[in-house]
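User: Hi! Could you walk me through this structure, one question at a time?
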Amino acid sequence: MAAVGGGLPLLWMIPIQVAGLLALTGAALLGRPALVALGPLLLGTPAALALVQRGPELLAVPLGGALLLATEAAFLAGDLSSRGVTEAAAIRRRLLRVGGATALGMGAAAVVLIIGTVPAEGGLDLTLLGIAAALGLLLAVGWLGRSRLRG
Amino acid sequence: MTSRRHPRLVAYAALAALGMLGGVALGRPDLIALVAPFAVWLALGGALSSRPRLRVDIGLERSRTAEGEVAALILGLEGGPIPWLELEAPAPAGLEAKTGRIRLCLSEGARETRRLELTCKRWGAYRLGPIGARAQDPFGLFQFSGEVGEGVGIRVYPSWARLRQLVPPARTQVFAGNRIARQSGEGIEFAEVREFLPGDRVRHINWRVTARTGVPHVNLLHLERNSDVILFIDSFTEVGQGRDTVLSLAVRAAAALAEGHLRQRDRVGVVGFGGLVRWLHPAMGPRHLYRVVEALLDTDVVTSYAWRDLEVIPPRVLPPAALVVALSPLLDPRSLGAMADLHHRGFDLLVLEIAPERLVGSELQRVDELALRVWRAQRDARRHRLQRSGVGVVEWHPEVPLEVALAAAREYRRSARPALR
């Protein structure tokens, strides 16, 4: 049986990841925020274990997605903590937003990995690109924050 | 609505920047891949973010309701797009939000209505709105909060128990009513038999007595008249919290008495005597009950150190020979002075003393025993001072029905008839 990184069987990881995705899909369709927490747990745990044990870099993709989902689940739980009634449509829309953004983010992560793993002599130098992206991101967020708060 | 950064914006930006810089510094593209979803979230949020438009029209299902009932606030929502909108029901003291806040999403240009329910715990006149709103932009990077909508007024009428028996006034007035007057005249109730006098109507001749005595006799009947009742509410002090306070009980009792007396075709007036003096001229009829209740809704404790007396009340509010029912906890000497003044002016005064001990509840446990005894002694002294001057004072404990106190008042007035001037 093929093993991932430090020895987690690949055969185990795939059903766990699928279960995580199903949990998130179910939470989105049913409008049940309680199921959201299950998704990141199932998606992230095996990937985190493998990455810690110097597993393949590809695992950073689901782990990043799982981190985003977990953070969003925490924000959602915070919003739902006060007493009140939540309409299913609002939950559904929010979960679909999270799911869509996560999928796009994981796609972007895969692209980053593909670019990053190209040999240096024949591919791109990531150093300048990374610094420019990080600074650009910070500047964009700062500008965005100022303009929105003024607007 | 005012806008501010959501914690998500700072957290995601910091995480993305750290991951990218760390990945570059350590030469590990997996770190950059790890934070890529957060960077994508920020990029999407920046591109699609917009300031939400929201207009809320607040309406009420019913502008008048009663204690214990549920009032529904109808919200007309217009605007959008707002993927996450929280609306919080206004809940002034006395009303309790049944549903708390509602969370919904509003599409672009949508016109929707929502319903917020409030349980009316205590009578009063309330203003509902504007309501609190909190919205997020499509990716939740910014949140907008503020108050929206124009407030609407709701009046919560007190609930009262229907009284079967009232305290009969000592004197009646000149208008027709359901009370048997002391004077004889045209009526139904038999009063006495006397010899026929010129001017007596033949139909009133008592033929049995006439045949037995040989001299014409006539039946005399009691007149049926109404009376004037003034409900005097002491609003100098308030004791208790929540639904049952001295003032709440006084208002409910006053509403019950007003309803009972108006049913008997009496004229009923109201005097709210406290930091703010309010009054309602006596009148009769079913519609007047609503005027009385509306007047009672405005009763509130207003702190004032000014010495009040009856001079501030117009004479027509206190008609001669009226029965004055004072509802008071006997805690403020100013109201005591006004009651003594009423008695000295010849009004038929009955004091319903609302016992405040039960209403303070746990606060009593924290009060020093000596202070508590002094407080009770002061109330006892005031009660005895009134009783010594001939005023009927009946203690009403809130845990027993008002009818019990009224029965005690009737018994007291039967055994110790108040002196009529």
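User: What percentage of the 151 residues in chain A is buried?

Analyst: First, some ground rules: this is a predicted model, where local features need pLDDT of at least 70 and side-chain atom pairs count only at pLDDT 80 or more, while totals for chains, interfaces and linings use all residues. Residues are numbered from 1 along each chain as its sequence is written, with chains lettered from A and ligands numbered from 1 in the order in which they are written. A residue is buried if 20 or more other C-beta atoms lie within 10 Å of its own, exposed if 12 or fewer, and partly exposed in between, with C-beta atoms placed from the backbone. In chain A, the buried share comes to 37%.

User: Is A:Ala109 buried or exposed?

Analyst: You'll find A:Ala109 in helix α4 (residues 88–117) of chain A. Count its C-beta neighbours inside 10 Å and you get 27. Because of that count, A:Ala109 is buried.

User: Which residues of chain B is A:Ala109 in contact with?

Analyst: Contact here means that the C-beta atoms of two residues, placed from the backbone, lie within 7 Å. Skipping neighbours within four places in sequence, A:Ala109 has A:Ala60, A:Val61 and A:Gly64 among its contacts. From chain B, the partners are B:Ala33, B:Ala36 and B:Pro37.

User: Why do the buried residues of α6(B) line one face of the helix?

Analyst: The buried residues in α6(B) are B:Ser335, B:Leu336, B:Ala338, B:Met339, B:Leu342 and B:His343. Look down the helix axis and take the arc of the directions from that axis to the C-beta atoms. The buried residues line one face because they fall within an arc of 160°.

User: Which exposed residues does the other face of α6(B) carry?

Analyst: Among the elements covering the buried residues of α6(B) are β18 (323–328) and α9 (369–388) of chain B. On the face turned away from that buried side, the exposed residues are B:Pro333 and B:His344.

Note on methods. Helices (H or I, at least four residues) and strands (E, at least two) are DSSP runs, numbered from the N terminus.
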